Amino acid sequence: MDYSNRVNSKKGAGGIASAEDQNVHSKKRVQELLATHILDIDNDPYVFRNHLGILECRLCLTTHNNESSYISHLGGRKHHLNLERRRILDEKSRQQQELQQKVQDQVSISNVEKRHWKRIGRPEYKVVKLRDPKTHQLGILITVKCLNITVDEPFFRLMSYFELTSKNQNLGVKYIQDRNQDEGDDEDYGEDSEPSDVQYLVISAEPYDNIAIIIPNKHEIDKPQEEGKMSETYWWFWDNDTKEFFLQLMYKS
């Protein structure tokens, strides 16, 4: 066979393909790719056609002039590696979201919905100092009258200075300073009294404003060790008929 007219060809091999042969081969390859792969641009999350009509892969940041080029890219190593990396990142993100959801499902102060109601001012209350005739223990009796209460009964809590918000801490400091100036010789509030030397008895009765009564820490309150229990020196009573709440606290002698 005569090889003289085949430039750069070797014996036993075909001649250099012409441009026409390359076009035929490319068209055939496109037909095969389109027959085995259907390119759905609308449902593929990683491909889009830009304003120039060129296909772009968002995952690999590559551009492709036609569908066959992009389909060839889908079967390549680079696209597969990026898909695996994306799968790992999505798995980590899913695990983090599940962990955050478990934490949110747990009861905590941050996820308890704050209650709102229209306040109608402070209720009428009275604080009386007591002394037990038998044990000579000192204490106080607090009476709160709540005629327009909307809950079953008032509730109360003893709070320290550090449990208050910054706004209430400032109010407590101002109150202690004013009381130190007015009653410097008082046996419970001396001139050296500090806001952290007292505790605050907060009584809540919706829709009234909360009441905060300052109790000196000079003497320890005589109350049961179990939370929510009453005793002869530490008790409370809600009279639903007269809408009055009574709370007695006695100090240890």
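**Note on cysteines, sheets and aromatic pairs**

1. The sulfur of cysteine 57 lies 4.0 Å from the closest cysteine sulfur, that of cysteine 60, which is too far for a bond. A disulfide is taken here as a pair of cysteine sulfur atoms within 2.5 Å, and a search of the whole structure finds 0 disulfides. Cysteine 57 counts as buried, at 2% relative accessibility; buried means under 20% relative accessible area, exposed over 50%, and partly exposed in between (1.4 Å probe, protein chains only). Cysteine 146 is also buried, with a relative accessible area of 0%.

2. On the basis of the coordinates: this is a predicted model, in which local features need pLDDT of at least 70 and side-chain atom pairs count only at pLDDT 80 or more, while totals for chains, interfaces and linings use all residues. Residues are numbered from 1 along each chain as its sequence is written, and side-chain values use heavy atoms, with hydrogens and water left out.

3. Strands β1, β2 and β3 form, in that order, an open sheet with antiparallel pairing. Its edges are β1 (47-49) and β3 (62-64); each has a single partner strand, so one side of each is left without a neighbour in the sheet. Neighbouring strands are turned by 25 degrees against each other on average, direction ignored. Strands are DSSP runs (E, at least two residues), as are helices (H or I, at least four), numbered from the N terminus; two strands pair if DSSP finds at least two bridges between them. Between β1 and β2 (residues 55-57), which run antiparallel, there are 3 bridges. Valine 47 stands opposite cysteine 57 in β2.

4. UniProt, in an unreviewed entry, places the feature "domain: U1-type" at residues 52-86; such annotations may be inferred rather than shown by experiment, and the positions are given in the numbering used here. In the model this span is 51% helix and 17% strand, and its end C-alpha atoms lie 28 Å apart.

5. A further open sheet of 3 strands has the order β6-β7-β8, with antiparallel pairing. Here β6 (155-159) and β8 (211-216) stand at the edges with a single partner strand each, so one side of each lacks a neighbour in the sheet. The twist averages 20 degrees from one strand to the next; axes are lines fitted to C-alpha atoms, for helices over the stretch in contact, and angles run from 0 to 180 degrees between N-to-C directions. Strand β7 (residues 198-204) pairs with β8 over 6 bridges, and leucine 201 has isoleucine 213 in β8 as its bridge partner.

6. The whole structure holds 3 aromatic pairs. Phenylalanine 156 and tryptophan 236 form an edge-to-face pair, 5.2 Å centre to centre with 70 degrees between the planes. This pair links strand β6 to strand β9 (residues 234-239), across 80 residues. Phenylalanine 156 also forms a tilted pair with phenylalanine 245, at 6.2 Å and 45 degrees. Phenylalanine 245 lies in strand β10 (residues 244-250), so this pair ties together parts that are 89 residues apart in sequence. Rings of Phe, Tyr and Trp (its six-membered ring) pair if their centres lie within 6.5 Å; planes under 30 degrees apart count as stacked, over 60 as edge-to-face and the rest as tilted. Both phenylalanine 156 and phenylalanine 245 are buried. Phe156, Tyr234, Trp236 and Phe245 form one aromatic cluster.

7. Threonine 143 lies in strand β5 (residues 138-145) and counts as buried, at 15% relative accessibility. Leaving aside neighbours within four places in sequence, threonine 143 is in contact (heavy atoms within 4.5 Å) with Glu124, Tyr125, Lys126, Glu244, Phe245 and Phe246.
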